[in-house]
Amino acid sequence: MEYVTLSNGAAMPMLGYGCFLISPEECERCVTDAIEVGYRAIDTAQAYYNEEGVGNAVSKAVAAGKVKREELFITTKVWIMNAGYEKAKASIDESLRKLQAGYIDLLLVHQAFNDYYGTWRAMEEAYRDGKVKAIGVSNFYPDRFMDLALFSEVRPMVNQLETHVFQQHKNDRRFIEKYGAKVEAWAPFARGEKGIFINPVLTSIGQKYGKTTGQVALRFLVQSGIPVIPKSAHKERMAENLDIFDFQLNAEEMGQIEALDQGVNLFMNHEDAAQIEDFFARFGVK
């Protein structure tokens, strides 16, 4: 496994397991499988309603001696309905209870809506108290990211964005990294859109290395310095997604994949709260 060092010195795995749209009932089994095949980073959120499943899987794996807690990197996110200092503070403690983890490795503001400044103050406090090892944001675009970075005691260490071969955030990444933060990719497979799994560029490169198009897509992001959190409910696919550290793309291949960038989000307009709520509602997340 490869790691990236955050601005405070914390080491974050370059590839983690994403729990978005995994039901609470199924989550424990999926996270258990992910840990067994070698994942050491697990990404969840209050809005996914599966933190307890993550917590059950982690606590059982630690108790069984399959992994040490300090080897795991657990991320969760404060949802916009818990925004503001008091609500966020209470929700952080609730997430700690559900995760049974003692501390959260990375805590993010899920969206740049509602009183996210109050949320950030609660997160800074949790960070200083040792409840959280690193703090950051999710779905913050340059204007709001800069505003928070400039006027906070602790700058965000991570900004989790929709990032894949068709949306590489080249300019956004340069801007965000100027403030010491790392961009992390959610939806690294573009959720199967735009024919990513049959893309001729990715397919041709994959054939050269004996890898799938998905593995090439992940390798491109990781080799670009972008941590990724792919999701799968199937153990064999989890293992496949993890198997990307035994080959390296050359400069020409990196350039071919960079040329696939369309610079447009596929799934949501982050400037429109109504669209975001509708997005989650369509998948049964309240």
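Which residue forms a salt bridge with Glu-28, and how far apart are the closest N and O atoms? Keep this in mind while you set up the view; the model is predicted.

**Stop 1: the salt bridge**

Select Glu-28 and Lys-60 and show their side chains. These two residues form a salt bridge, and their closest N and O atoms are 2.6 Å apart. Now colour helix α1, residues 24-37, and helix α2, residues 51-63. Glu-28 sits in α1 and Lys-60 in α2, so the pair ties together parts that are 32 residues apart in sequence. A search of the whole structure finds 18 salt bridges.

**Stop 2: α2 against α3**

To see what touches, select Glu-51, Glu-52, Val-54 and Gly-55 on the α2 side. On the α3 side, select Ser-95, Arg-97, Lys-98 and Leu-99. Colour this set by residue type: the contact of α2 with α3 divides into 2 nonpolar, 2 polar and 4 charged residues.

**Stop 3: the sheet**

An open sheet is formed by 7 strands, and their order across it is β3-β4-β5-β6-β7-β8-β9. The pairing is parallel. Strands of a sheet pair through backbone hydrogen bonds, either parallel or antiparallel.

Go to the edges next, by selecting β3 (17-18) and β9 (182-186). Each of these has a single partner strand, so one side of each is left without a neighbour in the sheet.

Then select strand β7, residues 135-138, and strand β8, residues 158-162. They pair in the parallel sense over 2 bridges. Within this pair, pick out Ser-138, which stands opposite Gln-160 in β8.

**Stop 4: α4 against α5**

Bring the helices back and select α4, residues 116-128, together with α5, residues 142-150. Their axes come within 12 Å and cross at roughly 45 degrees. α4 and α5 are therefore oblique to each other, and their crossing is right-handed.

Which residues make this contact? From α4, select Tyr-116, Tyr-117 and Trp-120. From α5, select Arg-144, Asp-147 and Leu-148. Colour these by type as well: the contact of α4 with α5 has 4 nonpolar residues, no polar ones and 2 charged.

Terms used:
Residues are numbered from 1 along each chain as its sequence is written. This is a predicted model: local features need pLDDT of at least 70, side-chain atom pairs count only at pLDDT 80 or more; totals for chains, interfaces and linings use all residues. Side-chain values use heavy atoms; hydrogens and water are left out. Axes are lines fitted to C-alpha atoms, for helices over the stretch in contact, and angles run from 0 to 180 degrees between N-to-C directions. Helices (H or I, at least four residues) and strands (E, at least two) are DSSP runs, numbered from the N terminus. Angles under 35 degrees count as roughly parallel, over 145 as roughly antiparallel, 65 to 115 as roughly perpendicular and the rest as oblique. A crossing is left-handed if the near helix is turned anticlockwise from the far one by less than a right angle, and right-handed if clockwise. Contact means heavy atoms within 4.5 Å. Ala, Val, Leu, Ile, Met, Phe, Trp, Tyr, Cys and Pro count as nonpolar, Asp, Glu, Lys and Arg as charged, and the others, Gly among them, as polar. Two strands pair if DSSP finds at least two bridges between them. A salt bridge is a side-chain nitrogen of Lys or Arg within 4 Å of a carboxyl oxygen of Asp or Glu.
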